[in-house]
Amino acid sequence: MATCDVCGEYENLPYQCDRCGQTFCAEHRLPENHDCPGLAEWNDPGGVFDSGFDESVESGGASASGDASAGITDRVKRRIDRETSTGGIVSYVRGNATYALLAAMWITFLAQWVVTLTLGEAAHSQIFVLRSDAIGNVWTWFTSVLSHSRIQLFHIIGNSIVILFFGPLVERAVGSRRFVGFFFGAGILAGLGHVLFAIATNAPTTGVLGASGAGFAILGVLTVWRPNMQVLLFFVIPMKIKYLTWGIAIVSAVLVIQSGTGGVGGIAHLAHLIGFAIGLAFGKRNESLARSAGGPGGMNMGGVRGPGGPGGPGGPGGPGGRF
């Protein structure tokens, strides 16, 4: 079940275009009926029937090394253009970015163990943890979003549940490319906000890692778009998503105020609040896309625990906290 990317009609048996990867109703399933970008490729023999021969063959041969290098460069460029266009390898991710991000999280989780066992804890911290005393390590802005606690497995499991159930709803509405940007943008800002707060308050060295900031941002979007959507807390207790998200946000805010450090018990509650605020703002700004985020009247989803809330998933996230 999904909504048509052209007319927004709710379709029980949707069609997915093999060329552009989008979802359509019966009326718009044909490429010419949804103005498919793939139609343009039928008049581009270089993109569809590329022989792979060096242009130097057609020009009578290249005797100079410069001509040969140019031919190789052109072939590489054509291959990149082909694989990143509709019908290429990237098209398999288009519409499935949520699952690609989940796979990246678990691959990163395995890499964390490999690095720790082979290079030690210090190397792990330098590569995967966003730290207040090493904020200039820009790569950790990204790796920390995909990294999780190695001690408590439920940290990554809990975040995976949130992203698995709710990520596709947002991705379907905004598109895969924009969803990936939103995911990393929210996760990075949540982590940076937490460590910058620690620096501003002269707190001890703080480090964060985890996708809860991004997960809470996704929940924030759906809190605006689908406030009455039914979810099953712990897969058992039915409630509206607005009660779940705002309840966790209020508890996190109270803990942040009481502690004055942004985190309690190794959980980066301030990062949760920042992610949630980003999601609310994004959802409000893009309210016109709300219909694409689910069927009429909301959608019954599998259970989910709030990312890193009281009793939620988590594990020690390095020297500061997890989120």
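Q: Is arginine 150 buried or exposed?
A: In this predicted model, the relative accessible area of arginine 150 is 17%. Buried means under 20% relative accessible area. Arginine 150 therefore counts as buried.

Q: Which residue does the side chain of arginine 150 meet in a salt bridge?
A: The contact is a salt bridge with an N to O distance of 2.8 Å.

Q: How many residues apart are glutamate 121 and arginine 150, the pair that links distant parts of the chain?
A: Glutamate 121 belongs to helix α5 (residues 121-128). Arginine 150 sits in the loop between α6 (139-146) and α7 (154-174). The separation between the two is 29 residues.

Q: How many salt bridges does a search of the whole structure find?
A: The search of the whole structure gives a count of three.

Q: Is lysine 284 buried or exposed?
A: Glutamate 287 is partly exposed, with 38% relative accessible area. Lysine 284 has 54% relative accessibility, and the cut-off for exposed is over 50%. Lysine 284 is therefore exposed.

Q: Which residues make the nonpolar surface patch of about 400 Å²?
A: One member, valine 236, lies in the loop between β7 (230-233) and β8 (237-240). Valine 236 counts as exposed because its relative accessibility is 61%. The patch is made by Phe234, Phe235, Val236 and Ile237.

Q: How far apart in space are glycine 185 and alanine 217, C-alpha to C-alpha?
A: Glycine 185 lies in helix α8 (residues 176-200). Glycine 185 is partly exposed, with a relative accessible area of 27%. In sequence, glycine 185 and alanine 217 are 32 residues apart. In space, their C-alpha to C-alpha distance is 9.8 Å.

How values were computed: Residues numbered from 1 in each chain as written. Predicted model: local features only at pLDDT ≥ 70, side-chain atom pairs only at ≥ 80, totals over all residues. Heavy atoms only, no water. Patch = residues over 30% accessible without salt bridge, like charges linked within 9 Å, V, L, I, M, F, W, Y side chains within 5 Å. Areas by Shrake-Rupley, 256 points an atom, 1.4 Å probe, with all protein chains shown as cover. Salt bridge = Lys/Arg side-chain N within 4 Å of Asp/Glu carboxyl O. Helix = DSSP H or I, 4+ residues; strand = E, 2+ residues; numbered from the N terminus. Buried < 20%, exposed > 50% of the residue type's maximum accessible area, 1.4 Å probe, protein only.
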